[in-house]
Amino acid sequence: MDADLRRRLRQADLLTALRILQAVDVARHRRDDFTATIQPVQEGSRMSNWLLDAEERFAGVRAMADELIRRLGELGPGETLEFNAADLDAQYEAELGGLDALEALYAVQFLGLANVARGESEVGGVFYLRRGEQRRYGKAAYRPLEVHYGERARRLHVIRHILSHEKEEDRIDLFRWYFTISLEQFCKRFLPNPEAATSPQIPEFRERILGGLSETQLKVVTDDESRAILVLAGPGSGKTRTIVHRVANLVALRDVNPERVLVLAYNRTAVAEVRERLAALIGASGIHVDVLTFHGLARKLTGLTEKNAPAGMQGDDRFNWLIQQAVDHLRDNPAPYQYVLVDEYQDIKGAEYDLVTLLASFDREGAPTGEEEDDREQPGYLVAVGDDDQNLYAFMGAKIEFIQRFRDDYDITDEKVVALLPNYRSRPRIVQAANAFIEASLPARARLKGPDQRVYSVRDGEGQVYIGKYQQRYHAALGIAQRAAQLIAQGTPAEEIAILARNWDHLNEVQHALHEAGVAYQMYNVHDQLRPANSYVGGAVRDVLTEEPELAVENARETLERIRQQLSLSDQDRGWQAILSATADLHNTIQGALALRINSAKPLARRGVVLSTFHSAKGSEFDHVFILSEGMREHGRTPPEDETRALYVALTRARESVTLLRREGDCHPTLLQPGYQHALKDIGVEVMSLPTGTPLPSEIRYQLFPDPSDLYISAPDVLFPAGREAVLRYARNWDSLQLRNLQLRSPHGAVGRLSRNGRIMLKLKHALERGQVTATGATVLRCERDDEWYTRAGYTGLETHHYVVLPQFEVIALLEG
C-alpha cells in the first residue's frame with residue numbers, strides 16, 4: 001500500500017508540473033492513462049533556447065510570487081489583495097519575459113501558494129494559503145466575486161427596466177435617477193423585484209422556479225452552500241417538486257454547470273419523470289443534468305454493465321457487482337459532480353451508501369470551534385431526500401440505518417435536517433388515521449420524526465376513513481366491488497379507485513367480484529421492465545418522435561396513433577393504452593416532449609379500477625383506496641418494521657377516502673390495539689358493513705400476471721431469426737397464444753418461454769390441477785443482450801437486444817377457504 005501511495009503522489013506531482021508548464025506558456029502536454037507527451041509551444045525551436053526561455057519565465061514567476069506572499073503576509077485575516085491586470089503586466093514585464101501576468105498567477109495557484117479569483121473587469125483577487133497546509137477554498141475567498149457579479153446583475157436589471165418604458169421622457173427621468181442615487185437605492189425604489197436583482201435571470205423566470213414553494217421547500221431549493229442536508233419528506237409533501245426546483249435553481253438561477261449536477265432516483269420511471277419535469281421547467285439546459293439510477297451512474301462512471309460481471313454471477317449479484325465497481329472507481333478518481341441529490345434515501349443498500357459517501361465526501365477533520373466559519377472542503381454538496389416511515393425494501397438489502405445516521409455521517413446540525421410535513425394529497429382525516437397507525441406501531445427510537453414533526457394535511461374538508469372486518473376474503477371483495485360500482489356511477493373515474501393488498505394472491509377474489517359486477521380493472525405492477533417505454537410499440541413510436549424532436553404536435557393522440565399505424569403495430573399491447581393515458585393532457589406541444597412523456601409513463605391506463613400491492617402502489621395516489629390487511633398471522637404481535645411501513649404507505653395513497661379492511665386473526669396487530677381503535681373513533685371513522693351472509697361461489701375467475709422474472713428471457717426460441725420474426729408478427733397482429741409445457745406459441749411460432757423455476761409456474765400448476773387456464777398477450781418486452789446467455793443459446797448474431805411476449809393467464813378455479 002505504501003508503494004502504491006508513493007506512486008500516486010509522484011503522479012500527482014507530475015500532473016501539477018505539467019499544468020505549470022502549460023500555464024507559463026512553455027509547453028503543451030497530452031496524456032492518457034499510462035503516458036504523457038510534452039511539446040514546446042514554439043515548435044522547431046532548439047532545446048537550449050527552449051530551456052533558457054523556460055528558466056527566465058520561472059524566475060519571473062518566482063519573483064512575482066515572493067513579492068505577493070510578502071504583501072499578503074502583512075494583511076489581516078480574511079483580507080485580500082486586488083490587482084488590475086494591466087498594472088501587473090507593467091510591474092513585472094521585465095521579470096516575466098513577455099509572459100501574461102495572469103498566466104503567471106495561475107502558475108502560482110497550481111503550486112498551492114495562492115488562490116486566484118478573476119473578474120470580468122480583469123481584476124484578480126489573490127488569497128494567501130500558507131505553504132504546507134491543506135488548500136482551502138472558503139466562503140471568504142469568493143465573496144469579492146459574489147459582490148462583483150451581484151453588481152453586474154443589478155445593472156442589467158436596471159437597464160432592462162429603463163428600456164421597458166415606452167415614453168422617452170420616462171426613460172430620461174429614470175436615467176437621471178440612475179446617475180443621481182446609489183445602485184442599491186435605485187433598485188429598491190424602482191425595480192418591481194429588488195430582492196431578485198442580484199440574479200442575472202429575468203424576474204419572471206425566477207418566479208417560475210421559486211414561486212409557489214412552501215417556506216420549507218424554498219429553504220431546501222435555495223441552499224447552495226450547506227455541505228449536506230437531509231430532507232425528511234412525508235407522504236404527499238411534494239418531494240419530487242422540491243428536487244426538480246432545487247436543480248432548476250442551481251442550473252438556471254445560480255449558473256451551476258448542469259454537468260456538475262447529479263440526481264439519483266430509485267428506478268427508471270422516476271428518472272424519466274424528473275427529466276421531463278426539468279425540461280418543462282428550464283428547457284434545454286435541464287437535458288444536460290445527469291438524472292440516473294444507481295446502476296445507470298455505475299455504468300457511466302465505469303463504462304461497464306452488469307453483463308461484464310464474472311461468469312456464474314446471477315440476478316441481483318451482478319447489479320451489486322456493478323455498483324461495487326463504481327465505488328472502487330471513485331476511490332481512485334475524483335467525483336465528477338459538485339451537487340448531488342439522492343431520492344428515496346431510506347431505501348439505499350450497502351454499496352449504494354458507499355457510492356453516495358464517495359460522491360459527497362468532505363473533510364471530516366478540522367471541524368470549526370466556537371463561531372469559526374466551517375470551511376472544510378467538500379467536492380460534492382449532498383441533499384438526501386427520504387422518509388424512514390416509508391422504507392419498503394429491507395427484504396432486498398435496503399438498510400434504514402443509513403438515513404437514521406445521516407446527521408452523524410455528515411456532521412450536520414439539527415437545522416440541516418429539514419422536515420417536509422404539509423401533505424398536499426390527502427384530506428385531514430386520512431392523514432390523522434395514518435399518523436395514528438405509524439405512531440402506535442413503531443417505537444420512537446425507530447423513527448426520525450418526533451411528536452413535534454407530525455405530518456398534517458393542508459387540504460380543506462375532512463375526507464372519509466372507513467374500517468371493516470371479514471373472515472372470508474370473498475365477502476370483503478364483494479363489498480369493495482359494490483362500493484366501487486357506486487363510486488363510478490357517481491362520477492369517479494375507475495382509474496381513481498385503487499384496491500391494495502399485501503401480495504397479488506389476495507386480489508384474486510377481488511378480480512372475480514369486480515368481473516361479476518361489470519367493473520373493469522387493471523393490475524398495476526411497477527417492475528422496471530414493465531414500463532410502457534420498454535414495450536415494442538412504445539419504443540418504436542418514441543424512436544420516430546425523437547428523429548424530429550422540435551416538430552410541432554397539435555393533437556398528441558392523433559400523432560401517436562398515426563405513427564403506430566404507419567409502423568403497422570397493434571394497439572392491444574398493455575403498454576400502448578398506458579402511453580395514450582399518460583399523454584392525454586399534452587396539447588400544442590412538440591415531438592420531443594411526447595417522447596419524454598412516453599419515457600416517464602407508468603403502466604396505468606384510464607380504463608379500469610387499479611389493483612396493486614402495497615409496494616407497487618408507492619409513488620402513486622388515487623381518490624379512493626381500499627386496503628386488505630391479512631397474511632400477518634405468522635408474525636404474531638410483533639411484525640417486521642417493513643411490514644408496518646408498507647401498510648403505512650398504503651394508507652397514505654388516498655386523496656378523498658380510505659377503507660381499511662382487516663381479516664380476523666390474520667391482520668396487522670396494531671389494528672386490534674384498543675389505543676389505535678380509540679384514536680380512530682376520535683378521528684370520526686365510519687364502519688363499512690360487508691355482505692358476510694352472501695353464499696360463497698364454488699369457483700372464481702381471475703387473471704395471473706407474470707412479471708419478467710417469470711420468463712426465460714434469453715430462450716433460444718426468441719433469439720434466432722425465426723423467433724424474432726414470430727415476435728414481430730405478434731406485435732403487429734396480436735394473435736392467439738397457446739402454452740405448451742413452458743413454451744408460448746402464436747400461429748407464427750414460439751414467442752416466449754416461461755422459466756421453470758418462476759413464481760408463476762407454481763401458480764399455474766396449482767390452477768391447472770383445479771381449473772382451466774387460457775393465455776393471452778399482455779405486452780411485448782424489449783430485452784437487452786446478455787452475452788453469457790446469448791452464448792449459451794448458441795446465438796452468434798450482432799443484435800444488441802431482442803423481444804419477448806409477456807403473457808397473462810385467465811384462470812377459472814375452485815374457491816379456496
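A residue counts as buried when its relative accessible area is under 20%. The model discussed here is predicted.

Q: Is E344 buried or exposed, and what is its relative accessible area?
A: E344 is found in the loop between β9 (339–342) and α15 (350–359). The cut-off for buried is a relative accessible area under 20%. E344 falls below that cut-off, so it is buried, with a value of 6%.

Q: Which residue has a side chain in polar contact with the side chain of E344 at 2.9 Å?
A: Leaving aside neighbours within four places in sequence, E344 is in contact with K239, Y266, V385 and K618. A polar contact of 2.5 Å joins its side chain to that of Q346. The polar contact of 2.9 Å is made with the side chain of K618.

Q: Which strands stand at the edges of the open sheet of six strands?
A: The order of the strands is β8-β7-β9-β10-β6-β11, and the pairing is parallel. An edge strand has a single partner, so one side of it is left without a neighbour in the sheet. From one strand to the next, the twist averages 15°. The strands at the edges are β8 (290–292) and β11 (417–420).

Q: At about what angle to β7 does α15 run?
A: Helix α11 (residues 239–253) packs on the sheet, touching β6 (228–233), β7, β9, β10 (381–386) and β11. The direction of α11 makes about 170° with that of β9. Helix α15 lies across β7, β9 and β10, and its angle to β7 is about 165°.

Q: Which residues of β19 point the other way from V609, L611 and T613?
A: In a regular strand the side chains alternate between the two faces of the sheet. Strand β19 (residues 609–613) is mostly covered, with five of its five residues buried. V609, L611 and T613 point one way, and the residues that point the other way are V610 and S612.

Q: What is the bridge partner of Q522 in β19?
A: Strand β15 (residues 497–501) pairs with β19 in the parallel sense over four bridges, and I499 stands opposite L611. Strand β16 (residues 521–523) also runs parallel to β19, joined by three bridges. The partner of Q522 is V610.

Terms used. Residues numbered from 1 in each chain as written. Predicted model: local features only at pLDDT ≥ 70, side-chain atom pairs only at ≥ 80, totals over all residues. Heavy atoms only, no water. Buried < 20%, exposed > 50% of the residue type's maximum accessible area, 1.4 Å probe, protein only. Helix = DSSP H or I, 4+ residues; strand = E, 2+ residues; numbered from the N terminus. Pairing = 2+ DSSP bridges. Polar contact = N/O pair within 3.5 Å; in protein donor to acceptor, adjacent residues only side chain to side chain. Contact = heavy atoms within 4.5 Å. Axes fitted to C-alpha atoms, helices over the stretch in contact; angles between N-to-C directions.
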